[in-house]
Amino acid sequence: MTQGPTNEKLTRQHIGLLAMLAVVVMFEGFDVSATAVVLPYLAKDFGTTTAALGGALGIIAMGSIAAWAIVRLGDRFGRRPILILAAAGFSLGSLATVLVGSVGQYTAVQMATRALLVTQIATAYLIVSETLPPATRGRANGLLGAFGSFGAALPFLVLAPALETSLGWRMLFLIGALPLLMVPLLLFKLRETPVWLDARARSAPRLSPLDELRQLLVPGLRIRFAAMSLLWFIVNLATSVGSLFFTLYAVRERNWAPSDFAAIAPVGLVACFLGYLAVGWLMDRIGRRWTITLFMAALGGLTQFCYSAQGWWAVAGGFLGVQVALGVWVASYTLNSELFPTHLRAAANGWCHNLIGRWGVVIGPWLLGAVSAAMGSIGPAVTLLGFAAYLAIPLIWLLMPETRGERLDRYPLSEDAPSGSAAATS
């Protein structure tokens with residue numbers, strides 16, 4: 001067995017890596033949030049119904065599934081080139097969104113952009129997981145998530161001034177293209193992960209998609225592959241239900257103005273940032289399973305509270321709570337990275353999350369649009385569908401091992417090994 005680095009302390013290089021990736025992840029959060037924030041203004045400009053917007057969001061989410069083809073290439077070509085390609089590509093996609101002239105064009109451009117956004121965020125978490133010491137991995141990924149949440153709150157803060165410009169809602173996507181300026185820095189400063197380089201030096205196999213699937217279905221991995229895929233489906237469905245239609249709901253059913261979103265944005269910036277840091281701290285203190293359990297329970301409860309509440313403060317507080325609960329994404333990304341061997345790690349993320357789990361965010365907006373139309377409003381539909389979040393809790397305890405402190409230069413836990421122990425070497 002090849003031993004990985006044993007230093008458990010963060011170095012200057014680790015901090016520099018986190019700083020670079022934090023900026024990139026922040027704008028990923030900004031762009032994804034902007035897609036939902038502009039819905040009422042997009043509907044007004046292009047004369048689109050709620051059901052049609054749900055269909056458009058579902059199609060855009062198909063880009064997350066298409067990302068499978070790109071994410072898995074990180075095992076073949078390395079994590080570094082895939083992240084740089086994705087960062088440059090999604091910035092150009094955000095810039096192209098400024099020029100769209102119809103809902104169809106908006107949907108097509110955002111679908112391609114979403115594929116690159118998802119590739120970037122998955123690869124960023126993978127790079128951190130493979131580079132930083134195991135004892136700090138949860139907190140480091142929590143820090144990345146905190147910056148992502150910071151970026152996700154920014155569109156609410158800049159929406160009102162953006163609408164006053166000649167570009168209107170399109171200004172958000174011009175801002176979202178700023179990471180293009182980061183690409184030269186990534187080219188010169190970002191290094192390949194030592195775990196991937198070590199695996200490549202030991203002639204780790206370059207697998208075809210069919211070979212990847214065969215290896216993911218071997219006895220030592222098939223249960224975690226199925227469980228992780230199902231967990232991602234539930235996470236995607238529950239988070240899309242809880243967040244994507246909020247702006248439309250608040251404007252149409254609670255009569256919010258752009259100034260109302262600006263009012264909650266500063267609190268959201270702080271609360272979400274601290275909430276995501278808490279996710280990372282909890283992962284390292286109480287483990288991945290307990291963290292996911294707590295946050296999925298919170299996601300379900302806060303979603304139902306937010307969309308059934310009447311008062312402004314209750315709706316705003318519920319929504320901010322939902323944003324904090326979205327930190328479950330960080331825990332899920334971390335767990336996905338820790339369950340599989342190095343030569344399959346990017347592929348496992350692509351298969352579990354993108355090709356299978358992301359159907360939750362495709363079905364979520366479509367289902368929400370249909371149920372909203374049937375029930376006559378968005379609020380009751382979200383309250384009903386919010387129950388989906390609770391389904392993750394029995395799944396995480398019945399089928400998932402605990403991976404806190406696992407070394408990623410070793411083969412992951414075998415299905416019959418005790419939680420927290422290492423199995424055979426890679």
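A residue is called buried when its relative accessible area is under 20%, exposed when over 50%, and partly exposed in between (1.4 Å probe, protein chains only). Cys306 is buried, at 0% relative accessible area, and Cys352 is likewise buried, at 0%. The structure is a predicted model, in which local features need pLDDT of at least 70 and side-chain atom pairs count only at pLDDT 80 or more, while totals for chains, interfaces and linings use all residues. Residues are numbered from 1 along each chain as its sequence is written, and side-chain values use heavy atoms, without hydrogens and water.

Cavities were searched on a 1 Å grid over the protein atoms alone, a cavity being a set of points where a 1.4 Å probe fits but cannot get out, and a pocket an open set with protein on both sides within 12 Å along at least five of seven lines; lining residues have an atom within 4 Å of a point. Three cavities of 30 Å³ or more are present. The largest cavity holds about 700 Å³, and of its 38 lining residues Gly29, Val32, Ala152, Tyr276 and Leu326 are the closest to its centre.

The second largest cavity has a volume of about 70 Å³. Of the 10 residues lining the second largest cavity, Arg72, Asp75, Arg76, Leu207 and Glu212 are the closest to its centre.

The largest pocket has a volume of about 250 Å³, where a volume is the space filled by probe spheres set on the grid points, joined across faces, edges and corners. Residues lining the largest pocket include Arg12, His14, Met20, Thr131, Lys189 and Pro194.
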